[in-house]
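Dear colleague,

Please find the structure below, with a short account of what was found in it.

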2 protein chains.
Amino acid sequence: MLGTPQEEYTLVDHVALRQFVTEVFTRLKVPPEDAAAAADILVRSDLRGIDSHGVARLDSYYVTRLMAGTTEPCVELRVERETPTSLLLDARNGLGMVVGYHAMQRCIDKARESGLAMVTVANSNHYGIAGYYAMMALPHDMIGISLTNASRFVVPTFGKESMFGTNPIAFAAPTKEELPFVLDMATSGVAVGKLEIALRQGVPIPLGWAQDKDGHPTTDPRAGLIGRALMPLGGTREHGSHKGYGLAVMVDILCGVLSGNGYGPAIQPSKTAHFFAAMRVDAFRDVDDFKTMMDAMIRDLRASGKAEGHDRIYVAGEIEWEYEKERKEKGIPLHPLVIASLKTVSEKTGVPLKIG
Amino acid sequence: MLGTPQEEYTLVDHVALRQFVTEVFTRLKVPPEDAAAAADILVRSDLRGIDSHGVARLDSYYVTRLMAGTTEPCVELRVERETPTSLLLDARNGLGMVVGYHAMQRCIDKARESGLAMVTVANSNHYGIAGYYAMMALPHDMIGISLTNASRFVVPTFGKESMFGTNPIAFAAPTKEELPFVLDMATSGVAVGKLEIALRQGVPIPLGWAQDKDGHPTTDPRAGLIGRALMPLGGTREHGSHKGYGLAVMVDILCGVLSGNGYGPAIQPSKTAHFFAAMRVDAFRDVDDFKTMMDAMIRDLRASGKAEGHDRIYVAGEIEWEYEKERKEKGIPLHPLVIASLKTVSEKTGVPLKIG
């Protein structure tokens, strides 16, 4: 298995897992097609090895809020402004994955007509992995982009107060024979999950990942989590943290400010904003020529000289494609705590859990 | 002065400097309007404190090539493909700044009609600071983006062979009373110039900036320069270098692959590619509302809690705006070596140097 300790994990079939999640959402009054889309996004995250953003969050991020009535199961996205190339949507506190799915679909539809399109969305919720939406462009021979802001957890360079989230950038470009290029990256140096793992393992974190609540660099994962103070990509000013910080603000301008949602400290569930873009490759160049050159670039990168101690150079998305292939065949390894949370969901909703 | 030692530098008036550079380009058969645009881009770089990309390179990057006939002084950009929102241009080995200026101007013109536009450009040359072109969108109440690939100087994560350039990302968004947000960043951790400065000063560089030619992390600036092996933003895999690497490849996809120019190792003078985008703010939201929220965000960031030992939090572009204000008033401090190179240019071209 790719980097996952097997013993304590249960291997779960992705089709059964997707079916369970779909039924859970349907039971919570999410329309069937939307429920299927939301389930596909969560399970795709697990398939691609991004365990933090998949069904592990089904209970805490989605089911709890749907049952409490703090996320709306069924809303029509409201068009606030529209041109042939652009769209401003009010998500009206809908389920984040459903919002993202429909918003990117509309973006692709517009790009089909106009060559390019961009959509910004206010008043949404956590939408899972940004990469999913960027990848929706690929079957249409388009380049896809997806950005989102997120609850505050990252400090500006020289700051001690978290002023923005891990604000990811996802970018997907189609290929011919090689696997598509899929960049899906937080603009912080590491994800929150990295600190949680270090805390569980009782090991220190490297300097440059996080600060304590007073703004001192820390190797204590607990201090970093209490401070909610991850460093932007780059880590320190000396290593370019002002760049990660700048990228995070750029994401918030396109999501939070351009949509009118609000930015940084204002971001929370029901007040989260996204941005999507789609570009037809053939608006610039013949698709086949583009894809052939993409393949060549990917092969050149992989074949280039390795640093001592390394025998492989990866291209963005490559590891995730390998996870996806393996986990589709062998099943998705779920941690006992995740299985337990799915059992809780099953009990709460009455949807039988026929996995594991 | 902002961080520049004064003694040995000559303060030069920006108007006189721009005039000199304009005349030099005109003398080398660049049409007068193009010469003025190219001069403005170089001098703007010096005004904004980006001394590495300004007139310091006039001789080595531009004049030498124009005089040798290896860069074309006067070419019409050739339209290879065009839609109302997109444009593929062949720069036909034109002067990079002139190419960038006209390409971004056309991008803005298209965005005025269509809401959004993107332009990709093949067969160009080094175009100076990426930020200039992104900023061209600001007076039109548009968001501007400018990307370029560059000669190889950066290695992939786990690699030892430079496979792409410092591939910068520039993004500019308009504001109301605050200074515009202008992110202009290499996707490497540091610029080549940082190693050159360390070498001159005889000091080691921090680990994470560069590798030697065998792929070992190095603190020796000379080894990093010989290896042409800067690290992507993030520095090490542990600190997220795969993200800087991914961003650099994203830039090359939009520049080198989408334009058909070629990518990474193929990039050199006359074979450099750019990408531009412009977005009307009012395609999404009323301009005044957007700008008011931009101001609020910038003020919130500046007012947020400072880490111990720091009394100021900067927003992208802020330092450059301060440089620009100060240097417009007091002059641009030019190093004796830069003055000497301008004298060489003066002798070569016969344009009198009436500065310093």
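The cover over the buried residues of helix α10 of chain A includes α1 (14-27), α2 (32-47), β7 (181-185) and β11 (332-334) of chain A. Contact here requires C-beta atoms, placed from the backbone, within 7 Å. Helices (H or I, at least four residues) and strands (E, at least two) are DSSP runs, numbered from the N terminus.

This is a predicted model, in which local features need pLDDT of at least 70 and side-chain atom pairs count only at pLDDT 80 or more, while totals for chains, interfaces and linings use all residues. Residues are numbered from 1 along each chain as its sequence is written, and chains are lettered from A and ligands numbered from 1 in the order in which they are written.

The residues of α10(A) that are buried (20 or more other C-beta atoms, placed from the backbone, within 10 Å of a residue's own) are A:E320, A:Y323 and A:R327. Viewed down the axis of α10(A), they fall within an arc of 55° (taken from the directions from the helix axis to the C-beta atoms), so they line one face of the helix. Just after α10(A), A:G331 has a positive phi of about 105°.

In chain B, seven strands make an open sheet of mixed pairing, in the order β2-β3-β4-β10-β5-β6-β7; strands pair if DSSP finds at least two bridges between them. At the edges are β2 (78-82) and β7 (181-185) of chain B, each pairing on one side only. Strands β6 (residues 169-173) and β7 of chain B run antiparallel and are joined by five bridges; B:A170 has B:D184 as its bridge partner in β7(B).

Yours sincerely

Conventions
A residue is buried if 20 or more other C-beta atoms lie within 10 Å of its own, exposed if 12 or fewer, and partly exposed in between; C-beta atoms are placed from the backbone. Two residues are in contact if their C-beta atoms, placed from the backbone, lie within 7 Å.
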